[in-house]
Amino acid sequence: METTENVPVRITIRRNADGVLREFTDEIRGDEYALYIWQEGNFACDCNRAMFWHAAAGEPDPDDSPCGDDRYDVRITTLDGKVVYDELA
């Protein structure tokens, strides 16, 4: 997945407190930056992952989710099934 072009992907987010999974389709750049933002960048923070988790079900952003890095885990999969990043394993 080494390209600067956008690649359609499926994002699966698990809320670790109860194991509930939610998914949505998005586009990310197909390079190291795209993975960095989920591993260590803004999308690695629980406050942002909570926003994605709620949005995947059409719910409003909770706005009060504290920062941290252990309440949500993600998996990023290309639409043809290739796992490119996985915290759920």
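How many aromatic pairs does the structure hold? The answer is five, where rings of Phe, Tyr and Trp (its six-membered ring) pair if their centres lie within 6.5 Å. Before we look at them, a word on the model: it is predicted, local features need pLDDT of at least 70, side-chain atom pairs count only at pLDDT 80 or more, and totals for chains, interfaces and linings use all residues. Residues are numbered from 1 along each chain as its sequence is written, and side-chain values use heavy atoms, with hydrogens and water left out.

**The sheet and its helix**

Helices (H or I, at least four residues) and strands (E, at least two) are DSSP runs, numbered from the N terminus. Four strands make an open, antiparallel sheet, ordered E2-E1-E3-E4; two strands pair if DSSP finds at least two bridges between them. Strand E2 (20–29) and strand E4 (83–86) are at the edges with a single partner strand each, so one side of each has no neighbour in the sheet. On average, neighbouring strands are turned by 20° against each other, direction ignored. Axes here are lines fitted to C-alpha atoms, for helices over the stretch in contact, and angles run from 0 to 180 degrees between N-to-C directions.

Strand E1 (residues 6–15) pairs with E2 over ten bridges in the antiparallel sense, and Ile11 has Phe24 in E2 as its bridge partner. Helix H2 (residues 46–55) packs on this sheet and touches E1, E2 and strand E3 (72–78), contact meaning heavy atoms within 4.5 Å. The direction of H2 makes about 60° with that of E3.

**The aromatic rings**

Planes under 30 degrees apart count as stacked, over 60 as edge-to-face and the rest as tilted.

| Pair | Centre to centre | Angle between planes | Type |
|---|---|---|---|
| Phe24 and Phe52 | 5.8 Å | 15° | stacked |
| Phe43 and Phe52 | 4.9 Å | 80° | edge-to-face |

Phe43, at 26%, is partly exposed.

Conventions
Buried < 20%, exposed > 50% of the residue type's maximum accessible area, 1.4 Å probe, protein only.
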